[in-house]
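Here is a short briefing to read alongside the model. Take a moment to look at the fold, then work through the points below.

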Amino acid sequence: MLVRQATVEDLSQMTSLIHATSKKLIEKNVYQWASPCELDELESQIKKGEVYILEDHNRLIGSFSIKPIHKKFPVQMEDGLYVYRMLIHPFYHGKNMTGHMFKYLRKEYKKKPVLLDCWAGNEKLSEFYINNHCMHIGDFPDADYKISIFQVSKKGQIKKDRYGNFKKY
């Protein structure tokens, strides 16, 4: 497995990946994104170096994007980074492919706080983050709902899960 920065040449495959993943989520009544992603927006994010892909033998398996935390983000941390649009092609769901992405994030950004979020009511995604060694920081208001913020933790650390229980990762 290889995690690498996406290039403009990956744009077509990325678009297919995003649409396939979004379609599968909607079939499961999970509305993670209001709309998947506009092509020009994705191209701009790729050109800024925000988009990474997970591939195996030149086959696109998944993707995530990462950028500095913006000023309106509910949690501010010095040099903090925000991971968004993390996804795996539906064919690879349940095969622990995201483990490769979390391992990459821990290794490449070990000296910086890396944050993720989701709608606070999305228990499945919240548990997924916790199972991948992310610490629940808290729930914060955003428009007319709340979002849960998680921080990627290093394996072996003792952290509190979203229910207040301490776990060793």
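A crossing of two helices is left-handed if the near helix is turned anticlockwise from the far one by less than a right angle, and right-handed if clockwise. By that rule, helix 1 passes helix 2 in a right-handed crossing. This is a predicted model, where local features need pLDDT of at least 70 and side-chain atom pairs count only at pLDDT 80 or more, while totals for chains, interfaces and linings use all residues. Residues are numbered from 1 along each chain as its sequence is written, and side-chain values use heavy atoms, leaving out hydrogens and water.

**The helix pair**
- The axes (lines fitted to C-alpha atoms over the stretch in contact, with angles from 0 to 180 degrees between N-to-C directions) of helix 1 (residues 11-27) and helix 2 (residues 39-47) come within 11 Å and cross at roughly 120 degrees.
- Leu11, Met14, Thr15 and Ile18 of helix 1 make the contact (heavy atoms within 4.5 Å) with Leu39, Leu42, Glu43 and Ile46 of helix 2.

**The overall chain**
- The chain has 4 helices and 9 strands, taken as DSSP runs (H or I, at least four residues, for helices; E, at least two, for strands) and numbered from the N terminus.
- Buried residues (under 20% relative accessible area, with a 1.4 Å probe and protein chains only) make up 47% of the 169 residues.

Note on methods. Buried < 20%, exposed > 50% of the residue type's maximum accessible area, 1.4 Å probe, protein only.
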